Amino acid sequence: MSTNKPNPTVAVLMATYNGERYVAEQIQSILRQTYPAWTLFVRDDGSQDGTAGIVEQFALQHSTRIRVVPNQEGRLGVDKNFSTLLGAAEAEYYMFCDQDDVWLPNKIENTLACMQSLEKDEGDRTPLLVYTDLRPVDEHLREIDASIWHYGRHNPDCGEISRVLRVFVIPE
């Protein structure tokens, strides 16, 4: 979606399930983002640990930034959980995050800049998907490798899908 606004809105969508060990650190990393116009939408999928309580506490402390999407449907699984989040959020751009990630402070800013640049080149009617590399770390956030593609011996070239949907990769 192309926009002339200086700070278009970004909905960050986080589907959680039994993630109490890491979810607070991920939310804190989102709160440290340099880009100003974002809202975090979180839906817990029936966690059996303290995940939902941690998310609720952050939402109380940061009510202008974090929205909890109520779990009225019960356990949906990851795909339907994210789909429900998409239906609950309204923004000009959407970013998905995992509960056990930690985002660098400029992730939203850099990703959005890439999307907007591609929209200028491709037009706002062309579907675009932008994704970033990541740095695999251990449970103490010590870097294991500088790139998941290198670490997992992946090739970020999308092959067949690139003919249907333009996919662009930006380094983290």
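**Figure 1. The largest pocket of the predicted model and its lining.** In this predicted model, the largest pocket has a volume of about 1,200 Å³. Its lining comprises 41 residues, of which D101, W103, K107, T132 and L134 are the closest to the pocket centre. Two or more lining residues come from each of the elements α1 (23-31), β4 (93-97), α4 and β5 (128-132). Sorted by class, the lining of the largest pocket consists of 21 nonpolar, 15 charged and five polar residues.

**Figure 2. Helix α4, residues 107-122, and its buried side.** Helix α4 contains 16 residues. From its first C-alpha to its last it reaches 22 Å, close to the 22 Å expected at 1.5 Å a residue. The buried residues in α4 are K107, I108, T111, L112, C114, M115, L118 and E119. These residues lie on the same side of α4 because they cover an arc of only 155° around the axis. In an α-helix, residues three or four places apart point the same way, because there are 3.6 residues a turn. The exposed residues K120 and D121 are carried on the face of α4 turned away from its buried side. G123 follows α4 and has a positive phi, near 90°. K107 of α4, buried in the helix, is also one of the residues closest to the centre of the largest pocket.

**Figure 3. Strand β2 and its pairing with β1.** Strand β2 spans residues 38-44, and seven of its seven residues are buried, so the strand is largely enclosed by the rest of the structure. The side chains of β2 point two ways: W38, L40, V42 and D44 are directed one way, and T39, F41 and R43 the other. Residues on both sides of β2 are buried. Strand β1 (residues 10-16) runs parallel to β2 and is joined to it by seven bridges. Within this pairing, L40 of β2 is the bridge partner of V12.

**Figure 4. Strand β4 and its pairing with β1.** The strands β1 and β4 run parallel and are joined by five bridges. In β4, Y94 stands opposite A11. The covered face of β4 is formed by Y93, M95 and C97, whereas Y94 and F96 form the uncovered face. Strand β4 is also among the elements that give two or more residues to the lining of the largest pocket.

Figure 5. D133 is located in the loop between β5 and α5 (148-151). Although D133 and S147 are 14 residues apart along the chain, their C-alpha atoms are separated by 6.3 Å. R21 occupies the loop between β1 and α1.

**Figure 6. The chain as a whole, for orientation of the close-up views.** The chain contains six helices and six strands. Along the sequence, these elements follow the pattern β-α-β-α-β-α-β-α-β-α-α-β. Of the 172 residues in the chain, 36% are buried.

Terms used:
Residues are numbered from 1 along each chain as its sequence is written. This is a predicted model: local features need pLDDT of at least 70, side-chain atom pairs count only at pLDDT 80 or more; totals for chains, interfaces and linings use all residues. Side-chain values use heavy atoms; hydrogens and water are left out. Helices (H or I, at least four residues) and strands (E, at least two) are DSSP runs, numbered from the N terminus. The expected span of a helix is 1.5 Å times one less than its number of residues. Buried means under 20% relative accessible area, exposed over 50%, partly exposed in between (1.4 Å probe, protein chains only). The arc is that of the directions from the helix axis to the C-beta atoms. On a 1 Å grid over the protein atoms alone, a cavity is a set of points where a 1.4 Å probe fits but cannot get out, and a pocket is an open set with protein on both sides within 12 Å along at least five of seven lines; lining residues have an atom within 4 Å of a point. Grid points are joined across faces, edges and corners, and a volume is the space filled by probe spheres set on the points. Ala, Val, Leu, Ile, Met, Phe, Trp, Tyr, Cys and Pro count as nonpolar, Asp, Glu, Lys and Arg as charged, and the others, Gly among them, as polar. Two strands pair if DSSP finds at least two bridges between them.
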